[in-house]
Amino acid sequence: MSRLASELHRLRRSPWEVLCSALVSCGLVLFSQLAVAIVPRLLPSISLLAMLPVAGLVFLAAILVGRFWRRFIGVAASAPLFVLFNVLFLWGVYLFVIRRDTSSLLDMLINAECALLLWGLYRILSGDPGIVAYESSFLEEAGCKDFVDAICSSEKYPSLSRVRHCNCCKANVRGYDHHCPAFGNCIGQKNHRLFMALLTGFVVAESTYTMCSTKYITSCITSGTLRTENHLSLNMVIGTMLFSVLQVIWQVVFLIWHVYGICFNIRTDEWILKSSLSIHTTKACFVTLGSS
């Protein structure tokens, strides 16, 4: 909690602003989830596979509307709270609707996965990613104006290797990979394993939720209770299942990229920097050829 408290102090946000941010994040989750749940209600005749791209577009539209509304009322939402409330929302739909058609073993598994996700979110939000702090005497001895200047000369100082400055956190992080808005922290040397475990946990938990919700829908169809089932509950299950599938798709791609980066010792920040430099070099070559 010390990092979280210091971050709030740095941002100078009052408790009222934090509460408003939490309420806006919660409202955005409810609005986006209800918007996705409307898809099976409006398009009951198409297959679940055909609903998937429609649900994705509806979810993006809901996020854009929510973003416009946040700017209109002048209250900022919190990405980590958005992630947290989505986990709680899916867990709530499971506990109050889907659970009765789930086996004891699967029930125990999905509850444990959700609890571990909450614990992992707390750990990565409040943990140290590998922040490096050097005294002014070090900078004077190195002959550098500031820490960023020292990082640029990291070939001379091996201790500064792969230390990058994060503009979001206003901190210098060893082994910096990227700043993760969803987890509210930088991903660096000290929390990279936790980040990979948490990303894998999200993929596994959402896949398990998709399996449980599919089993619930199939059970409603085979037992003949589809017409007598509460339409709001059923649409909510289908909507959250579509949301989980969409999440799994992009998270698997993201996970594969990070596994590739680990295998070939590549950091996301370094890859983006090299890509930007190659693009600028290519543009410069075209400009030179055009002028000649």
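This report describes the secondary structure, salt bridges, surface features and annotated segments of a predicted model.

## Basis of the model

The structure is a predicted model, in which local features need pLDDT of at least 70 and side-chain atom pairs count only at pLDDT 80 or more, while totals for chains, interfaces and linings use all residues. Residues are numbered from 1 along each chain as its sequence is written, and side-chain values use heavy atoms, with hydrogens and water left out.

## Overall architecture

The protein chain contains 10 helices and four strands. Helices (H or I, at least four residues) and strands (E, at least two) are DSSP runs, numbered from the N terminus. Read from the N terminus, the order of elements is α-α-α-α-α-α-α-β-β-β-β-α-α-α.

Of the 292 residues in the protein chain, 39% are buried. Buried denotes under 20% relative accessible area, exposed over 50%, and partly exposed the range in between (1.4 Å probe, protein chains only).

## Helix α5

Helix α5 covers residues 104-126, a total of 23 residues. From its first C-alpha to its last, α5 reaches 33 Å, close to the 33 Å expected at 1.5 Å a residue; the expected span of a helix is 1.5 Å times one less than its number of residues.

The buried residues of α5 include L106, I110, C114, L117, L121 and I124. An α-helix has 3.6 residues a turn, so residues three or four places apart point the same way.

## Salt bridges

Three salt bridges are found in a search of the whole structure. The criterion is a side-chain nitrogen of Lys or Arg within 4 Å of a carboxyl oxygen of Asp or Glu. Side chains of opposite charge can pair when their charged atoms come close. One of these bridges joins D107 and R99, whose closest N and O atoms are 2.9 Å apart. D107 counts as buried because its relative accessibility is 12%, whereas R99, at 38%, is partly exposed.

A further bridge pairs D128 with K190, with a closest N to O separation of 3.3 Å. This pair links distant parts of the chain, 62 residues apart: D128 sits in the loop between α5 and α6 (136-142), and K190 in the loop between β4 (185-187) and α8 (192-223). D128 is partly exposed at 34% relative accessible area, while K190 is exposed at 58%. The side chains of D269 and R164 also form a salt bridge, at 3.7 Å from N to O. D269 belongs to helix α10 and R164 to strand β1, so this pair ties together parts that are 105 residues apart in sequence. D269 is partly exposed at 24% relative accessibility, and R164 is partly exposed with a relative accessible area of 24%.

Strand β1 (residues 163-166) runs antiparallel to strand β2 (residues 171-174), and four bridges join them. Two strands pair if DSSP finds at least two bridges between them. Within this arrangement, V163 stands opposite R174 in β2. The hairpin has four residues between its strands.

K170, located in the loop between β1 and β2, has a positive phi of about 55 degrees although it is not a glycine. K170 is exposed, with a relative accessible area of 55%. N265 likewise is a residue other than glycine with a positive phi, near 55 degrees. N265 lies in the loop between α9 (231-263) and α10 (268-291), and its 53% relative accessibility makes it exposed.

## Nonpolar surface patch

F68, W69, F72 and I73 form a nonpolar patch on the surface, with about 500 Å² of accessible area together. Patches are made of residues with over 30% relative accessible area and no salt bridge, like charges being joined within 9 Å and nonpolar side chains (Val, Leu, Ile, Met, Phe, Trp, Tyr) within 5 Å. Accessible areas come from the Shrake-Rupley method with a 1.4 Å probe, and for residues only the protein chains shown count as cover. F72 is placed in helix α3 (residues 48-73) and is exposed, with a relative accessible area of 61%.

## Annotated segments

An unreviewed UniProt entry lists residues 47-65, 72-96 and 236-260 under "transmembrane region". UniProt positions are given in the numbering used here, feature names are shortened, and annotations may be inferred rather than shown by experiment.

In the model, residues 72-96 are 80% helix and 0% strand, with end C-alpha atoms 35 Å apart. Residues 236-260 are 100% helix and 0% strand, and the end C-alpha atoms of this span lie 36 Å apart.
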